[in-house]
Amino acid sequence: MELKGRKIYIETYGCQMNFADSEVITSILKEAGCERCERVEESDYVLINTCAIRDNAEQRIHRRLRDLRAEQQRRRMYVGVLGCMAERLKQRLMVEEENVSFVVGPDGYRRLPEIMTRVAEGTKVAETELSESETYSDIVPVRLDGNGISAYISIMRGCQNFCAYCVVPYTRGRERSRDAESIVNEARGLFEAGYKEVTLLGQNVNSYRWGDVTFAQLMARVAEISPELRVRFATSHPKDLSDELLATMARYGNICKCIHLPLQSGSSRMLKLMNRRYTAEWYMDRIEAIRRYMPDCSITTDVIAGFCGEEEEDHKATLEMFRRVGYDYAYMFKFSMRPDTYAEKHLRDDVPDEVKGRRLEEIIKLQGEIALENNRREVGKTYEVLVEGTSHRSKEQLFGRNSQNKVIVFDRKDAKEGEYVKVRVTDCTAATLIGVLV
Ligand code: SAH
Ligand code: SF4
Ligand code: F3S
């Protein structure tokens, strides 16, 4: 049984890390002779790269797997589940979902060609061993669905912060950094291929370390490739957001002035229960440091409503923190208890669902007001914008982002995708800035 010429269809859920992994997976399978296709109907293998962060993320995958059965009844097509849910459920997934032939966790992708060959010979395979060293640093990702302008670069894997609510340390294993040289080379290769923006990815980029190279130094090296190459990163853990990093960001014009700093809760009591290892005061001190180094920096966040034991006053502290910081954007979630986490073993999911829902709604409503207020302050300012594509609303308009990662829409005139242009903001909504070329 040969893999050569076999068609693979890959579908990705979850965070940017998973999208970056799908590009590594595609590279490994192309190397083995497979071809990528755009439709399930054309494929020999369907690969679903999954997320396990919240229960609804997993339910969505179960529904998708059931949908795929219809196609499998018509003809031979193998379905494999990859990523975080594969790692969490292991062989169990193939018992629950009989149409799944292979399950491969985030550190097992090099073995995919061999596994997929065995699957075609009639064996079901689960490979869920986690590694302490795998970083796929030698694999050049095949860029998927990209615009040729902006790309992700994975700089580390795993996480060992063990926030009480979170499955990631269990699904992604030990934290490990990738060889700095290979990261800089990948970024340079992208720039030479015409890319204008790279986003360096890790669950906690602040703890990146390769020999003596810190994250700030790594970012400086990437920024030095060219002033025409924008550098972004995600995610920073507030507990170790260093002044060194902020100083480096301030020093380079092409390091984007945008920090994603997940708050999770504005209550120090909750933060302690969540094992976040910072207090609300510490978080505020980091916000002030960001403002000191970069007054024009945008700040975005993640928040969880209704974690175990959350009282009304904890929730109020979160709302208060949102007002004080004035986030430009927030990802807002209802707490979802995950099996085998510290919370599941030692805490009680005691906030009723309707209370979680109401608190989440209050946060969403407040954040909508804050975002609109922030955007209104942008009216009249002029920004350098990297043009990404045609606006979804009108063919006559382009959209792009400024350094702060805010989307700006404007009449196209003679501007082109992939170019830097200057745009003056003339109007806004809570989500988008509207402007004119200058
Ligand atoms: N490493 C990042 C977070 C990655 S997960 C960090 O530490 O900030 C992305 C977000 O999902 C988290 O920031 C958190 O807000 C949310 N999340 C994680 N586990 C969750 C759970 N069990 N229920 C609800 N939201 C959760
Ligand atoms: Fe999860 Fe915490 Fe690690 Fe982020 S830092 S991935 S929230 S355990
Ligand atoms: Fe989901 Fe795994 Fe990312 S659980 S959020 S895909 S690290």
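Colleague: Which residues surround ligand 3?
Modeller: First, a caution: this is a predicted model. In it, ligand 3 is surrounded by Cys15, Asn18, Cys51, Ala52, Ile53, Cys84, Val168, Arg172 and Gln203.

Colleague: And how does that shell divide into nonpolar, polar and charged?
Modeller: Six residues of the shell around ligand 3 are nonpolar, two are polar and one is charged.

Colleague: Which domains does the shell draw from?
Modeller: Domain 1 (7-127) and domain 2 (150-376) each give at least three residues to the shell around ligand 3.

Colleague: What domains is the protein divided into?
Modeller: Domain 1 covers 7-127, domain 2 covers 150-376 and domain 3 covers 382-437.

Colleague: What separates the centres of domain 1 and domain 3?
Modeller: Taken over C-alpha atoms, the distance between the centres of domain 1 and domain 3 is 37 Å.

Colleague: Let's go to the strands. In which sense do E19 and E21 pair, parallel or antiparallel?
Modeller: Strand E19 (residues 407-411) runs parallel to strand E21 (residues 433-437), and the pairing has three bridges. Opposite isoleucine 408 stands leucine 433, in E21.

Colleague: And E20 with E21, parallel or antiparallel?
Modeller: Antiparallel: strand E20 (residues 420-428) and E21 are joined over five bridges. Aspartate 427 has isoleucine 434 in E21 as its bridge partner.

Colleague: How many residues lie between E20 and E21 in the hairpin?
Modeller: Four residues lie between E20 and E21 in that hairpin.

Colleague: Changing topic. How many aromatic pairs does the count come to?
Modeller: The count is ten aromatic pairs. One of them joins phenylalanine 162 and tyrosine 170 in an edge-to-face arrangement, with 5.5 Å centre to centre and 75° between the planes.

Colleague: What about tyrosine 165 and phenylalanine 307, what sort of pair do they form?
Modeller: Tyrosine 165 and phenylalanine 307 form an edge-to-face pair, at 6.1 Å centre to centre and with 80° between the planes. This pair links distant parts of the chain, 142 residues apart. Tyrosine 165 is in the loop between strand E8 (156-157) and helix H6 (168-172), while phenylalanine 307 is in the loop between strand E15 (298-305) and helix H12 (312-325).

Colleague: Is tyrosine 165 buried or exposed?
Modeller: Tyrosine 165 counts as buried because its relative accessibility is 10%. Phenylalanine 307 is buried as well, at 0%.

Colleague: Which residues form an aromatic cluster?
Modeller: Tyr45, Tyr78 and Phe102 form one aromatic cluster.

Colleague: Where does the charged end of arginine 54 sit?
Modeller: Over the ring of phenylalanine 333, with 3.6 Å between the charged end of arginine 54 and the ring centre. Arginine 286, for its part, lies over the face of tryptophan 282, 5.4 Å from the ring centre.

Colleague: Last one. Where does glutamate 197 lie?
Modeller: Glutamate 197 is in strand E10 (residues 197-201). At 4% relative accessibility, glutamate 197 counts as buried.

Colleague: How many residues apart are glutamate 197 and glutamate 313 in sequence?
Modeller: They are 116 residues apart in sequence, and in space glutamate 197 and glutamate 313 are 42 Å apart, C-alpha to C-alpha.

Definitions and conventions:
Residues numbered from 1 in each chain as written. Chains lettered and ligands numbered in written order. Predicted model: local features only at pLDDT ≥ 70, side-chain atom pairs only at ≥ 80, totals over all residues. Heavy atoms only, no water. Near = heavy atom within 4 Å. Nonpolar A, V, L, I, M, F, W, Y, C, P; charged D, E, K, R; others polar. Domains from an automatic or database assignment. Pairing = 2+ DSSP bridges. Helix = DSSP H or I, 4+ residues; strand = E, 2+ residues; numbered from the N terminus. Phe/Tyr/Trp six-rings, centres within 6.5 Å; stacked < 30°, edge-to-face > 60°. Buried < 20%, exposed > 50% of the residue type's maximum accessible area, 1.4 Å probe, protein only. Lys NZ or Arg CZ within 6 Å of the ring centre and 35° of its normal.
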